[in-house]
Amino acid sequence: MVNKNAKAYSMIPEQFRIKKKRDWNALVFKAALLAPAILFLVVFMYYPIEETFRLSMTRSTGLGPTVFIGFQNYVRLFQSEEFLMGLKNVLLWAFWSVVIQIPFSFFIAFSLSVFKNRITKPLRVIYYLANVLPSAITAMLGRFVFAPRHGVIPSLANKFNWQWLARIDFLGNPDLAFWSIFTVATWAYCGFYIIYLMANIEQIPKDIQESAQLDGATPWQYARFIVLPMTSYALRIVSILCIVGSMKIFDLPWLMTSGGPGYATSTLGIVLYKNGFVNWQYGRAAAIGVVIFLLSLFFTIIQFSLQRKEGDVL
Amino acid sequence: MLKSKKAVFMALLLVVAMLVGVFSATAASKFKLVVWGRDLPDDDPAHAYIKALVNGFAAKNPDIELEYLALGDPGLMDKTKVAMANNRDLPHIFQSWGGSVMGGYADAGRLYDLTKELKDIPGSAAAQQAMTWKGKIYGVAPFFAIAGVFVNEDVFAKYNLEVPTTIAEMEKVADTLLANGIQPFAVGARDKWPVLAMYMYFVNRFGGMEAFDNAQARKARFDSEPMVKAAELYQEWSKRGYFGPTPLGEAYGDAQQLMATGKAGMHVTGSWMCAQYADPSFTDQKIGFYPFPVLEGGKGKATDFMGQTDIGFAATRMARENKEAVVRFMKYAMSVEACSAELGRICSVPGVKAPNRLTEMASAAFTKAEAIQFWWDQDLPPTVTSPLTDTLQQFLLPNANVKRLLTNYEMVVEENVGPAK
């Protein structure tokens, strides 16, 4: 068959044959279109990543000579109480974010999408509002709520004469400080997850919901057996964002407690900032940056490989 | 008609071009002096000196174009650090607290030696020492801060209390205040660094000036006896409730409010608070400033003070572009005219009258000082300063093992500075 075609093709006069030559113009055009994106990636992503790796192998104060010390920074990091506390805190933060924030966001998103009424729209705005506030304002509000003596909680407790509550130091007690910040973060970050999940829930065709209703499915069954599987991809994306965000968390713990008391609310981001900008240990700070990068990469790969196993298209 | 209009237009254009040329030539002849500072030169009473300095210098030096950039806190320190590390885009002068941070810049060759030009400017020896590194003077410190005890004299009078001169007396005063529902000390430990002032004094009173000096010079460890005893005393006072029920949840601003409203009896902090505690719009309490008490049997003396530059300026290597302009700025910063605008800080320039009773009290204490130890977090190398304040903050936790905390800190110092010999 092939040979027949080739024979027939050879019989066509040369001037009428389709020349199978490389279209350089198209290639240049494609390269020109891709160039800005590639350049951007190289300059702002790959080069800084490579530089961070390189810096993490050095001892550098930024002022004196930069000395190559191999993996010493990493070894020292894993001997440092502050770093280990930061690592523990971000892992806990990631775990509790997935366990608490995502189910909570799903519940709210489902309620707002399925039970629509007059207050649904204002509620969407209210839930999302915390997300658009700058973190400095969010932290200030958090401190305003949890501050001892004059905060919202102690003031209310004093009003009702609940002295046991008024005496609790939410930000100064190492056992409570983490949870106080986590509560504020849940309020601040869930807005985005809610909106994202709502957009996905609302894309489920109406006829599926109607047929479920006709089959007598309760809202719980509808959520459990239809919405949850159909939004599984969105939920995974949200959990990746949640986990990667947890690895990098800096603003709220820094602004609310500066990572204290002691290292009780310290995170990898805080340890990085302190090492780089306070302690002048740029090599050590870069090593922490690499650890954050690798942790984020690790969790992202785990998430996507689980997804592949279950047959979702990426 | 058209021709004459054209001619007039051309003539106007020529005049404008000439004027532009003249003005740009004038601007070009002006030297642009770039100064990085912390505070805005605005009407805030705490910024009175900076405002007077910026405006006064600009008025008196028309040949210099002063570009003063207020970067805030920690903006000033962060930007300076980044610029010094990059070794470019440096200002001619930056606000500095001296000590080891400035020393690090000097060692890296980023600063300009002005010893010859500045050594004879009248000022306190301690202030000049703070801006000196390895025998070279890099700047001036018109204001100096010492730590002491701010005492609410109204509260003390109400409960017939005397200002304590010994630690034992201080404990009795604290017990009386506590019994009457007044918090003995305001501290604001959430911000970590406010814990340092009292701890520095405790260490000094137990072990004298050499307790810290030796540890810094690596002739002693940071978990040596005076350090541990001081930490144990701090923790003991915290357990007794001297710092209130929630010291770790309160920031430095909260501590100020406790003093300003008469809810706390004492505040051990720097004399930079004089302006606010003397300001009737900030507090209606009568507050005084006193030296930290001595410890019976301890090595430290009442004339040993903890202190540091309050406002200082250092010259970068860019100063060689126009040394004369930089020196003029430094001299004006140390002038009686500029310094007299200040409303609270202790001035290191002779002839400047203290603006209020509180500053007068702090200045009097400063003049009696026989030895001044610089603020530890400014005097130790930057590599070990944040672990220091992290460590000290935990002394206020009732279950913390202070000896272990200090040993951990010693390990950090050993790693970054070297072992104690």
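B:C347 is buried in this predicted model, with a relative accessible area of 16%. That falls under the 20% cut-off, so the residue counts as buried.

- B:C347 takes part in no disulfide, and its nearest cysteine sulfur, on B:C339, lies 3.8 Å away.
- Searching the whole structure turns up zero disulfides over all chains.

**Nonpolar cores**
- The largest nonpolar core has 103 residues, and the ones with the most contacts inside it are B:F185, B:Y199, B:Y234, B:W237 and B:W376.
- Helix α9 of chain B (residues 196-207) is the top contributor to this core, giving eight residues.
- At least three residues of the core come from each of domain 1 (31-144 + 308-363) and domain 2 (146-307 + 372-416) of chain B.
- Leaving out residues up to four places away in sequence, B:Y199 touches B:M227, B:A230, B:A231, B:Y234, B:W376, B:L392, B:F395 and B:L406.
- There's also a second, separate core of 36 residues, and B:C347 shows up in it, along with B:I50, B:F57 and B:M330.

**Where the chains meet: α14(A) and α3(B)**
- Helix α14 of chain A (residues 268-278) packs against helix α3 of chain B (residues 75-86) at an angle of about 65°, the axes being 10 Å apart.
- On the chain A side the contact uses A:Y273, A:F277 and A:V278, which meet B:D78, B:K81 and B:V82.
- Eight of the 11 residues of α14(A) are buried, so the helix is largely enclosed by the rest of the structure.
- Among those buried residues are A:L268, A:I270, A:Y273 and A:N275.
- Just after α14(A), look for A:W280, which takes a positive phi of about 60°.

**A:I201 in chain A**
- A:I201 belongs to helix α9 of chain A (residues 174-201), and it is buried at a relative accessible area of 5%.
- Not counting residues up to four places away in sequence, A:I201 touches A:F106, A:A109, A:F110, A:S113, A:V227 and A:T231.
- From A:I201 to A:N275, 74 residues apart along the chain, the C-alpha atoms are separated by 43 Å.

How values were computed:
Residues are numbered from 1 along each chain as its sequence is written. Chains are lettered from A and ligands numbered from 1 in the order in which they are written. This is a predicted model: local features need pLDDT of at least 70, side-chain atom pairs count only at pLDDT 80 or more; totals for chains, interfaces and linings use all residues. Side-chain values use heavy atoms; hydrogens and water are left out. A nonpolar core is a set of buried Ala, Val, Leu, Ile, Met, Phe, Trp, Tyr and Cys residues joined through side-chain atoms within 4.5 Å. Buried means under 20% relative accessible area, exposed over 50%, partly exposed in between (1.4 Å probe, protein chains only). Helices (H or I, at least four residues) and strands (E, at least two) are DSSP runs, numbered from the N terminus. Domain bounds come from an automatic or database domain assignment. Contact means heavy atoms within 4.5 Å. Axes are lines fitted to C-alpha atoms, for helices over the stretch in contact, and angles run from 0 to 180 degrees between N-to-C directions. A disulfide is a pair of cysteine sulfur atoms within 2.5 Å.
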